[in-house]
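Subject: Structure for your review

Dear colleague,

Please find below the structure that I am handing over to you. My notes on it follow directly after.

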Amino acid sequence: TWDVELERSAESWAETCMWEHGPASLLPSIGQNLGAHWGRYRPPTFHVQAWYDEVRDFTYPYEHECNPYCPFRCSGPVCTHYTQVVWATSSRIGCAINLCHNMNIWGQIWPKAVYLVCNYSPKGNWWGHAPYKHGRPCSACPPSFGGGCRENLCYKEGSDRYYPPREEETNEIERQQSQVHDTHVRTRSDDSNRNEVISTQQMSQIVSCEVRLRDQCKGTTCNRYECPAGCLDSKAKVIGSVHYEMQSSICRAAIHYGIIDNDGGWVDITRQGRKHYFIKSNRNGIQTIGKYQSANSFTVSKVTVQAVTCETTVEQLCPFHKPASHCPRVYCPRNCMQANPHYARVIGTRVYSDLSSICRAAVHAGVVRNHGGYVDVMPVDKRKTYIASFQNGIFSESLQNPPGGKAFRVFAVV
């Protein structure tokens, strides 16, 4: 039966977006199954079916094998999701779903993960015990069920209840937000006089499967894109192989090259100038078009993610050499405000010298707070003058006529 308290505890844990079982205080008394995906839409039953499908790897321990403890035999990676689903004494369940941005799944960053948590009580998966007794289905149902049996489960007449379908706001991850970027920056002076600045401007752009690079790439922040799921089904054309003509669909070119699959994802774009011709090919389910006429081109590459320290500078992370390369998306740790300003300098305001700490510059610019998070870095031409300021509790330095190096800006990852 559905249990509201188990639902609440599942909802609370799903909101943490942590890919592990928890909280520790509840685990001794509940069972728990977790599932996550991102990309194209899948209903919650997709994960429940995947849990049950572990049955193919599970070997049931019959009574004569339990002396006194039953052996646990699983020929696949895991069978405990299945055994918890069918555990006979687990009579109550509560589940919840949450949409988690930039969720860490075993070291991989999923931009928009749909996270399912199901809690069971009493808990199952007791060591040395079988998940249920072997026998004829429904032969041991409680008397209160009156002998009813439906689909090999105990069933009580008149117990059917209908729940009208309700749209889960966090369950549809293909629905895209407005493509208009929030470039709003607001400031305020709070009680601690930190001169707070908040910036939500993004370097990356959300695009549809049909968007061509020539349509989108008209500003400075035109080299990182988020593609939706389902672009294999689009009819948008792709011209070329490896080097793609500017009239090509960004997302379908990325699938063709193998940067992303039909679940969508992040893509970096590099403009490559004019090419004399473009060769057709068929890769990853996409047939491209050939063109024997000079035109501007671009290449695609994977968006990498790298964890850094509070002291890491852009000069260290992605020095500016030709041909130009993209800076990885970085993950900043906590408490960079407290880092030693002599080793983690911040030089400039809004535009920073590449001698600056990436993470402290991001806090200074209001892109992340002191608890850390993800940041996009965009190289720009160096400035003759970098302006000092005090923002978000961090003093930045000024610098006049630097002899070398480059500059950069930091952007939010939403």
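What percentage of the 414 residues of the protein count as buried? The figure is 45%, where buried means under 20% relative accessible area, exposed means over 50% and partly exposed lies in between, with a 1.4 Å probe and protein chains only.

**Basis of the notes**

This is a predicted model, in which local features need pLDDT of at least 70 and side-chain atom pairs count only at pLDDT 80 or more, whereas totals for chains, interfaces and linings use all residues. Residues are numbered from 1 along each chain as its sequence is written, and side-chain values use heavy atoms, with hydrogens and water left out.

The average pLDDT of the protein is 83, and 88% of the residues score at least 70; pLDDT is the predictor's confidence in each residue, from 0 to 100. Over residues 161–193 the pLDDT is below 50, although this stretch has 50 contacts in the model beyond near neighbours in sequence. Where pLDDT is low, the predicted coordinates should not be read in detail.

**Overall composition**

The protein contains seven helices and 27 strands. These are DSSP runs numbered from the N terminus, with helices being H or I of at least four residues and strands being E of at least two. A contact means heavy atoms within 4.5 Å. Among contacts between residues at least 6 apart in sequence, 67% join residues at least 24 apart. The accessible surface comes to about 23,000 Å², and 51% of it belongs to carbon and sulfur atoms; the areas come from the Shrake-Rupley method with a 1.4 Å probe, and for residues only the protein chains shown count as cover.

**The six-stranded sheet**

An open sheet of six strands, with mixed pairing, has the order β10-β11-β14-β17-β13-β12. The edges are formed by β10 (205–206) and β12 (240–241), each of which has a single partner strand, so one side of each is left without a neighbour in the sheet. Two strands pair if DSSP finds at least two bridges between them.

Starting from β10, the pairing with β11 (residues 224–227) is parallel over two bridges, and Gln-205 stands opposite Tyr-225. Strand β11 is joined to β14 by four bridges in an antiparallel arrangement, with Cys-227 and Gly-265 as bridge partners. Strand β14 (residues 265–275) then pairs with β17 over eight bridges, again in the antiparallel sense. Within that pairing, Lys-275 faces Ala-295 and Asp-268 faces Ser-301. Finally, β17 (residues 295–302) and β13 (residues 243–245) are antiparallel over two bridges, where Glu-245 is opposite Ser-297.

**Cys-209**

Cys-209 lies in the loop between β10 and α4 (213–216). Why does Cys-209 count as buried? Its relative accessibility is 9%. The C-alpha atoms of Cys-209 and Cys-231 are separated by 5.3 Å, although the two residues are 22 apart along the chain. Leaving aside neighbours within four places in sequence, Cys-209 is in contact with residues including Cys-231, Cys-251 and Arg-252.

Helix α7 (residues 358–365) is mostly covered, with eight of its eight residues buried. One of them is His-364, which counts as buried because its relative accessibility is 0%. Not counting residues up to four places away in sequence, His-364 touches Tyr-352, Ser-389 and Asn-392, among others. The residue that follows α7 is Gly-366, whose phi is positive, near 85°.

Val-375, for its part, is in contact with residues including Val-330, Ala-362, Val-367 and Val-410, leaving aside its neighbours within four places in sequence.

With kind regards
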